[in-house]
Amino acid sequence: MNFELDEDILFLKKNVRDFVQTEVEAVAMQIEEENHIPERIINLSKDLGLFGLSIPEEYGGLGIGMVGKCALYEEIGQTHNGYTTLIGAHTGIGTVGIVELGNELQKKKYLPAMASGERIGAFALTEPEAGSNAANLKTTAVRKGDKYILNGLKHYITNATEASVFTVMAATDPGKGAKGITSFIIEKDFPGFKVGAIEKKMGLRGSQSAELIFEDCEVPIENVLGIEGQGYVNALKILTNGRAGLASRNLGSCQKLLDISTRYAKERIQFGKPIITNQAVSHMLAEMAVEIEA
Ligand SMILES: Cc1cc2nc3c(=O)[nH]c(=O)nc-3n(C[C@H](O)[C@H](O)[C@H](O)COP(=O)(O)OP(=O)(O)OC[C@H]3O[C@@H](n4cnc5c(N)ncnc54)[C@H](O)[C@@H]3O)c2cc1C
């Protein structure tokens, strides 16, 4: 695998770094206090094309491959994690399902607006009884004519309150477990769909995780994503992509923490000298640097 970054990516990486360090960092405390990403930051992110990182150019995105995307995520990760999560969940699990599994009609219908950031994407697998045991879905999808009728509840769904396009897994053949799950593209205004309670989290402010409620939710058959019965495999594919991205964002966060810690250890004077001159403190910083490099 080639890990070299081409000139376009290096150029974009620098632009993203400048944007994150000047614009997003300037409002990091505001995001923390207000639990909300300012509209201006969202609009500037749209101008930079950040919502379309994973979407091919023919559908209006930047069409960046996984290595390039991870390089950009490292930069995005170096600021408030609420902002990072909004962009990461949209460009990762929120869009890659449609990019990789969608048919031409679905791609043309959804991707251009998702690439511009006009429509935000989310991914919904988890339920109260389906966490680590993700195939244990209780949300059902029953075919009725040219529609599927969905009933059930999802929770912990990132971007639920901002999103208007959801990749949702539901059991079409509950007796078959992991082999009886199908993926759907669900729009916010489909009848019978609503966003439920927002989780009260310990951290990650600015990123909302919420329930999705399906009560006889009507989904046209053309919104089946991929092959019926392959929903669990689809979810694993999407999550694999998402996890590589999440790891890269966290790598950026770790680098940022090392920078802050090193700066502080050099500035903070105790017993008449900077605390970094204590070997136990510099060992901690060295350990952090080694882990990040690894
Ligand atoms: C901030 C946040 C955002 C999220 N965003 C999304 C999203 O956008 N879309 C989505 O679908 N989901 C999302 N999730 C849900 C996430 O994927 C689940 O939390 C995860 O799958 C774990 O499920 P659970 O929380 O029910 O934990 P549980 O499955 O109940 O696990 C609890 C603990 O038990 C351990 N455990 C479970 N089974 C075993 C076992 N067999 N052996 C050993 N240990 C075990 C687990 O490791 C864990 O430590 C999000 C979660 C969080 C916290």
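The C-alpha centres of domain 1 and domain 3 are 31 Å apart. The chain is split into domain 1 (7-118), domain 2 (121-236) and domain 3 (254-293), with bounds from an automatic or database domain assignment. This is a predicted model, in which local features need pLDDT of at least 70 and side-chain atom pairs count only at pLDDT 80 or more, while totals for chains, interfaces and linings use all residues. Residues are numbered from 1 along each chain as its sequence is written, and side-chain values use heavy atoms, with hydrogens and water left out.

**Ligand shell**

- Phe-123 has a backbone N or O atom 2.9 Å from a nitrogen atom of the ligand.
- The side chain of Ser-132 places an N or O atom 2.6 Å from an oxygen atom of the ligand.
- Thr-158 has a polar side-chain atom 2.7 Å from a ligand nitrogen atom.
- On its own the ligand has 980 Å² of accessible area, and the protein covers 40% of this (Shrake-Rupley method, 1.4 Å probe).

**Largest pocket**

- The largest pocket holds about 580 Å³ of space, a volume being the space filled by probe spheres set on grid points joined across faces, edges and corners.
- A pocket is an open set of points on a 1 Å grid over the protein atoms alone, where a 1.4 Å probe fits, with protein on both sides within 12 Å along at least five of seven lines; lining residues have an atom within 4 Å of a point.
- Its lining has 26 residues, and Thr-85, Ala-89, Ile-93, Thr-158 and Leu-246 lie nearest the centre.
- The lining divides into 11 nonpolar, 12 polar and 3 charged residues.
- Domain 1 and domain 2 each give at least three residues to this lining.

Note on methods. Polar contact = N/O pair within 3.5 Å; in protein donor to acceptor, adjacent residues only side chain to side chain. Nonpolar A, V, L, I, M, F, W, Y, C, P; charged D, E, K, R; others polar.
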